[in-house]
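I opened this notebook to record what I looked up in one chain, from its overall fold down to a single residue.

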Amino acid sequence: GAHHPLFQVGMVPQNMARAELDMHGLQATPDATDFGTAKLDLFFNLGETHAADGTPAGIEGDIEYASDLFDARTVARMAERLLRLLAAVADDPARPVS
């Protein structure tokens with residue numbers, strides 16, 4: 001199959017404060033768009049969530065994948081492994097990932 005010329009897997013941690021946009025009375029809100037096709041073979045898009053008072057409330061995200069290379073069950077298992085890794089890091093931040 002065809003591959004992206006630079007890399008096949010991407011991960012984007014969306015951890016910046018949400019920008020405020022003042023357009024003189026016009027309101028705009030971000031909206032995720034699903035184009036129905038993966039831009040890479042495998043793409044992890046993760047973002048921090050916050051409570052109403054601004055305190056961290058976790059991470060949520062999604063995974064895009066090329067369906068000719070991966071099936072939903074395989075990607076779900078990858079997500080479960082990533083969650084286990086993140087939980088282990090949160091439990092012991094000084095522990096080497098290796």
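**Entry 1: basis.** I worked with a predicted model, in which local features need pLDDT of at least 70 and side-chain atom pairs count only at pLDDT 80 or more, while totals for chains, interfaces and linings use all residues. I number residues from 1 along each chain as its sequence is written, and side-chain values use heavy atoms, with hydrogens and water left out.

**Entry 2: the chain.** I found one helix and three strands, in the order β-β-β-α along the sequence. Helices (H or I, at least four residues) and strands (E, at least two) are DSSP runs numbered from the N terminus. Of the 98 residues, 11% are buried; buried means under 20% relative accessible area, exposed over 50%, and partly exposed in between (1.4 Å probe, protein chains only).

Entry 3: β2 (42-50), β3 (56-65) and α1 (72-91) each supply at least two residues of the lining. Among the lining residues I listed F44, L46, D62, I63 and L86. A pocket is an open set of points on a 1 Å grid over the protein atoms alone, where a 1.4 Å probe fits, with protein on both sides within 12 Å along at least five of seven lines; lining residues have an atom within 4 Å of a point.

**Entry 4: β2 and β3.** I saw that these strands run antiparallel and are joined by nine bridges; two strands pair if DSSP finds at least two bridges between them. The bridge partner of F44 is I63, and that of N45 is D62. The hairpin has five residues between the strands, and G54 takes a positive phi near 90 degrees there. I counted zero buried residues among the ten of β3, so this strand lies largely in the open.

**Entry 5: D62.** Where does D62 sit? I placed D62 in strand β3, partly exposed at a relative accessible area of 41%. Leaving aside neighbours within four places in sequence, D62 is in contact (heavy atoms within 4.5 Å) with F43, F44 and N45. I noted that D62 and F44 are 18 residues apart in sequence and 6.1 Å apart in space, C-alpha to C-alpha.
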